[in-house]
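Work through these exercises with the model open beside you. Try each task before reading its solution.

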Amino acid sequence: TYLQCRGKGTQNTGHMSSGLCLLDELDEVLAGSSTAPAPRAAPAAPAAAPPALPPPAAIERVAIVQAQTRLDSSGARFGSFTVRALLDGGGALETERRYSDFVALHSELATALALDDAFPVAASALPFSLLSARAELLRRHELQQYLRDVTARAAGSPAPAPLLAFLQPPPFTATATPAAECVAALPTAGSRTALAILRAHLSNGALQRAAAERIASLSEGGEATSAQAELVVAGAAEALTAALRRAAQPAGGLRATLSGPPTGHEAA
């Protein structure tokens, strides 16, 4: 498994059993070489086996109950959607998500749920704040229908970890945080922050690799036991797999986007 490859013998759960050393493969693809990455220091053995995780929840119903315009730290406007989910057996989750969060979620669910690679809701040609009331309502409906479609695909079984992470309070992606600030934050970033950075700035190969390295380091050493559990719940295996797939795509993937920013309002 991924964490067994990186943690050399640490135990893991089925959610992380991809059968690949994902970070090592990501190193190779982004470096443009088939040679093995530089040797790393041997991690310390974990003090104890990871704690048992609570069983993942199944989602009974999901809806976008509101749309609003928000301001990011730079003062730029973006559209935000309030998402509410009812869990099978009781309980509810609620959070706000922007369009780029939906795109990141889709890249992680594409393999697990056999979805098309392309996100089915097109980026808007206009900023969210300039959309008419009808266009805003249509966009909200399309994103809601997407969530209901992926929930239906997972019906009868626990929801995928990235979907549950998406439905809980931020952060999910660090789209609104400049890349330079993400780089500065990585050395001390916790599991969810490192994953949020990995899910953002998809055209920045160096930042993607650095975020993956941070995630790997969190699964090693003295705090590996609790960190692995949090990474499983937050969807780390799926996020790393999505990063590897983007890096391996010769066109339209991570490497291709290095030549310029995305078009339209894909980061809205």
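**Exercise 1. Find the residue of β2 that stands opposite Q68.**

Step 1. Go to strand β1, residues 59–71. Strands (E, at least two residues) and helices (H or I, at least four) are DSSP runs, numbered from the N terminus.
Step 2. Look across to β2, where S80 stands opposite Q68.
Step 3. Two strands count as paired if DSSP finds at least two bridges between them.
Step 4. Follow the hairpin of β1 and β2, which has five residues between the strands. There, G75 takes a positive phi near 90°.

A note on the source: this is a predicted model, in which local features need pLDDT of at least 70, side-chain atom pairs count only at pLDDT 80 or more, and totals for chains, interfaces and linings use all residues. Residues are numbered from 1 along each chain as its sequence is written, and side-chain values use heavy atoms, with hydrogens and water left out.

**Exercise 2. Describe the order of helices and strands along the chain.**

Step 1. Count the elements: the chain has ten helices and three strands.
Step 2. Read along the sequence: the pattern is α-α-β-β-β-α-α-α-α-α-α-α-α.
Step 3. Turn to burial. Of the 268 residues, 42% count as buried. Buried means under 20% relative accessible area, exposed over 50%, and partly exposed in between (1.4 Å probe, protein chains only).
Step 4. Check the contacts, meaning heavy atoms within 4.5 Å. Among contacts with a separation of 6 or more, residues 24 or more positions apart account for 65%.

**Exercise 3. Where do the partners R245 and D117 lie?**

Step 1. Confirm the salt bridge: the closest N and O atoms of R245 and D117 are 2.6 Å apart.
Step 2. Locate both ends. R245 is in helix α10 (residues 236–248), and D117 is in the loop between α3 (99–112) and α4 (133–153). The pair links distant parts of the chain, 128 residues apart.
Step 3. R245 is partly exposed, at 27%, whereas D117 is exposed, at 51%.

**Exercise 4. Which helices does the salt bridge of R192 and E230 tie together?**

Step 1. Confirm the salt bridge: the closest N and O atoms of R192 and E230 are 3.9 Å apart.
Step 2. Assign the helices. R192 lies in α7 (residues 191–198) and E230 in α9 (residues 224–234), so the pair ties together parts 38 residues apart in sequence.
Step 3. R192 counts as partly exposed at 28%, and E230 counts as partly exposed at 34%.

**Exercise 5. Is A165 buried or exposed?**

Step 1. Find A165 in helix α5, residues 161–166.
Step 2. Read its accessibility: at 5%, A165 counts as buried.
Step 3. List its contacts. Leaving out residues up to four places away in sequence, A165 touches R97, F172, R192, V233 and A234.
Step 4. A165 and G235 are 70 residues apart in sequence and 7.0 Å apart in space, C-alpha to C-alpha.

**Exercise 6. Which residues does A154 touch, not counting residues up to four places away in sequence?**

Step 1. Find A154 in the loop between α4 and α5.
Step 2. Name the contacts: A154 touches L113 and P160 under that limit.
Step 3. Check burial: A154 counts as buried, at 7%.

Definitions and conventions:
A salt bridge is a side-chain nitrogen of Lys or Arg within 4 Å of a carboxyl oxygen of Asp or Glu.
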